[in-house]
Amino acid sequence: DDKEENLYSIRKVLERDQFEVVTAHSGLEALRYLLKHDVSLILIDVQMPEMNGYELAEMLRGDPATAHVPIIFVSAAYADEQHQFEGYEAGGVDYIVKPFDPAILLGKVRIFLELAQYRNCLERMVEERTEELRRSEEKYRLLAENIADVIWRMDRSGRLIYVSPSIESLTGFSSEEFMAISFEERYPPATQKDILGMLDEADEGKVEGAWCGEEELNRKDGT
């Protein structure tokens with residue numbers, strides 16, 4: 001907000017509830033601060049010089065660092081439904097009309113901060129799970145690439161997704177070549193029958209997870 005008295009009144013209400021509050025007197029000042037600091041919620045006055053609140057909100061929405069930070073517009077001059085709609089179009093999540101009821105302001109701030117904390121918690125959980133999966137896949141890859149047996153991954157249509165490098169010592173085909181040749185070129189008739197039967201059982205829900213067994217494979221030299 002460009003008016004110190006407005007900043008003071010909002011800051012006084014929020015700090016009374018133990019919120020940490022940072023104020024800025026213009027959109028440019030706010031942008032400079034947000035380049036270096038993270039925040040959980042942004043309150044913006046609509047009517048400001050140089051850059052109005054809607055313009056500031058659109059810039060914040062265009063920056064990945066602030067795109068998900070909730071924005072509440074605060075305004076006395078633009079309180080009609082059309083301007084409130086413009087606020088939502090610019091990226092705001094709520095609109096408070098001045099003069100405001102302190103209890104309403106606190107209630108809205110609490111709700112959106114709780115939602116932001118919940119979102120941050122979910123993001124951390126996703127990041128942790130992604131890292132766990134990455135480590136698990138790395139262990140699987142190291143195992144598959146350092147044993148003599150062939151390990152492959154196949155989808156339910158019979159398409160190979162992965163073949164371990166040991167396939168070359170057994171068949172003469174590299175992993176890439178083995179994945180590229182046709183189903184019939186890859187397997188003798190008996191093996192084709194076994195794999196097709198396994199895929200049918202998978203479709204019926206009778207087979208889940210990994211399958212282990214011994215099967216004949218066609219070699220590159222035709223044997």
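Predicted model: local features only at pLDDT ≥ 70, side-chain atom pairs only at ≥ 80, totals over all residues.
View 1. The protein exposes about 14,600 Å². Carbon and sulfur atoms supply 52% of that area. Of the 223 residues, 35% count as buried.

**View 2. Overall dimensions of the protein.** Along the principal axes, the C-alpha atoms fill a box of roughly 90 × 35 × 30 Å. Secondary structure amounts to 9 helices and 5 strands. The radius of gyration is 30 Å, well over the 17 Å that the globule rule gives for 223 residues, so the protein is more spread out than a compact globule.

**View 3. Order of elements and contacts along the chain.** Starting at the N terminus, the elements follow the order α-α-β-α-β-α-β-α-β-β-α-α-α-α. When contacts between residues at least 6 apart in sequence are considered, 48% join residues at least 24 apart.

**View 4. Helix α9, residues 189–203.** The helix has 15 residues, and its first and last C-alpha atoms are 21 Å apart. This span is close to the 21 Å expected at 1.5 Å a residue.

**View 5. Buried face of α9.** T191, Q192, I195, M198, L199 and A202 are the buried residues in this helix. Seen down the axis of α9, they fall within an arc of 130°, so they line one face of the helix. Their packing partners are β4 (152–154) and α8 (183–186).

**View 6. Face of α9 turned away from the buried side.** This face carries the exposed residues P189, A190 and K193. Here exposed means over 50% relative accessible area, whereas buried means under 20%.

Terms used
Residues numbered from 1 in each chain as written. Heavy atoms only, no water. Helix = DSSP H or I, 4+ residues; strand = E, 2+ residues; numbered from the N terminus. Expected span 1.5 Å × (residues − 1). Buried < 20%, exposed > 50% of the residue type's maximum accessible area, 1.4 Å probe, protein only. Arc of directions from axis to C-beta. Contact = heavy atoms within 4.5 Å. Rg over C-alpha atoms; globule rule 2.2 N^0.38 Å. Areas by Shrake-Rupley, 256 points an atom, 1.4 Å probe, with all protein chains shown as cover.
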